[in-house]
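Here is a short report on charged side chains and their partners. Keep the structure in view as you read.

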Amino acid sequence: MYKTKELYDLTKTAAGDYLAQFEYPWEALGGIKELILAIGEKLPEDEYNEISEKVWVHKSVKIFPTAYIGAPCIIGRNTEVRQCAFIRSSALIGENCVIGNSTEVKNAIIFDNVQVPHFNYVGDSILGYKSHLGAGAVTSNVKSDRSLVKVKKGEEVLETGLKKFGAMVGDNVEVGCNSVLNPGTVIGRNSNVYPLSSVRGTVPENSIFKNQSNIVIKENNNG
């Protein structure tokens with residue numbers, strides 16, 4: 001469940017071909033800026049406006065006047081960027097997404113139909129198709145001791161070599177309000193995280209994270 005193709009439907013993002021090169025999705029974090037620049041230069045001018053240098057926005061996108069969008073950035077069709085959103089840089093945001101009030105995004109790939117609607121932080125992370133972060137849920141992307149981030153599943157440890165790495169959130173994941181996804185968190189497809197959770201390591205697909213010692217598999221994968 002660590003692997004890119006186990007977590008994500010790569011047809012649901014403009015970064016699909018890029019991500020397919022990597023066995024593990026966090027290996028893609030270092031090249032997001034260059035990816036956006038390469039895609040942006042090829043976007044059709046009849047569909048996208050370059051609203052400032054290296055910021056490409058589909059003509060259907062709604063941006064509230066208090067939002068800030070830093071370069072480079074691409075925002076896809078029918079996405080809404082709400083009040084006081086802070087898109088710092090290197091954000092590839094898909095179609096039909098919500099980047100909500102006071103939400104900050106930095107060095108991230110956000111698949112189509114993702115919602116980060118209220119007071120969220122998404123840094124050095126990848127959010128899969130139809131994933132949703134509840135109000136106040138954040139990805140913590142730097143360890144308190146500034147050491148390199150590792151991905152852990154039980155006794156298994158994968159070295160990432162990254163100082164900044166938030167979370168890999170699979171398709172159709174629901175993260176409850178005011179939860180923290182600690183550095184190196186990986187959440188499998190179709191899983192739910194209870195509100196007020198502090199998540200570390202990995203959460204299997206089709207499961208419910210109640211707390212760190214109580215993760216249960218959904219019955220019939222329907223909750």
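## Salt bridges across the model

Glu-47, Arg-77 and Glu-95 are linked in a network of salt bridges. The model they belong to is predicted. Searching the whole structure gives nine salt bridges.

## Three pairs

Start with Arg-82 and Glu-80. They form a salt bridge, and their closest N and O atoms are 2.7 Å apart. Arg-82 is partly exposed, at 24% relative accessibility. Glu-80 is partly exposed too, with a relative accessible area of 22%.

Next come Glu-104 and Arg-88. Their salt bridge has its closest N and O atoms 2.9 Å apart. This pair links distant parts of the chain: Glu-104 sits in strand S9, Arg-88 in strand S7, and 16 residues separate them. Arg-88 is partly exposed, at 33% relative accessibility.

Arg-189 and Asp-171 also form a salt bridge, with the closest N and O atoms 3.5 Å apart. Here two loops are linked. Arg-189 lies in the loop between strands S19 and S20, and Asp-171 in the loop between strands S16 and S17. The two are 18 residues apart. Arg-189 is partly exposed, at 24% relative accessibility. Asp-171 is buried, with a relative accessible area of 3%.

## A buried lysine

Lys-218 is in the segment after strand S24. This residue is buried yet has no salt bridge. The nearest side chain of opposite charge is Glu-174, 8.7 Å away.

What does lie 2.6 Å from a polar atom of the Lys-218 side chain? The backbone oxygen of Asn-190 does. The side chain of Lys-218 also makes a polar contact of 2.5 Å with the side chain of Asn-192.

Key
Residues numbered from 1 in each chain as written. Predicted model: local features only at pLDDT ≥ 70, side-chain atom pairs only at ≥ 80, totals over all residues. Heavy atoms only, no water. Helix = DSSP H or I, 4+ residues; strand = E, 2+ residues; numbered from the N terminus. Buried < 20%, exposed > 50% of the residue type's maximum accessible area, 1.4 Å probe, protein only. Lys, Arg positive; Asp, Glu negative; His and termini not counted. Salt bridge = Lys/Arg side-chain N within 4 Å of Asp/Glu carboxyl O. Polar contact = N/O pair within 3.5 Å; in protein donor to acceptor, adjacent residues only side chain to side chain.
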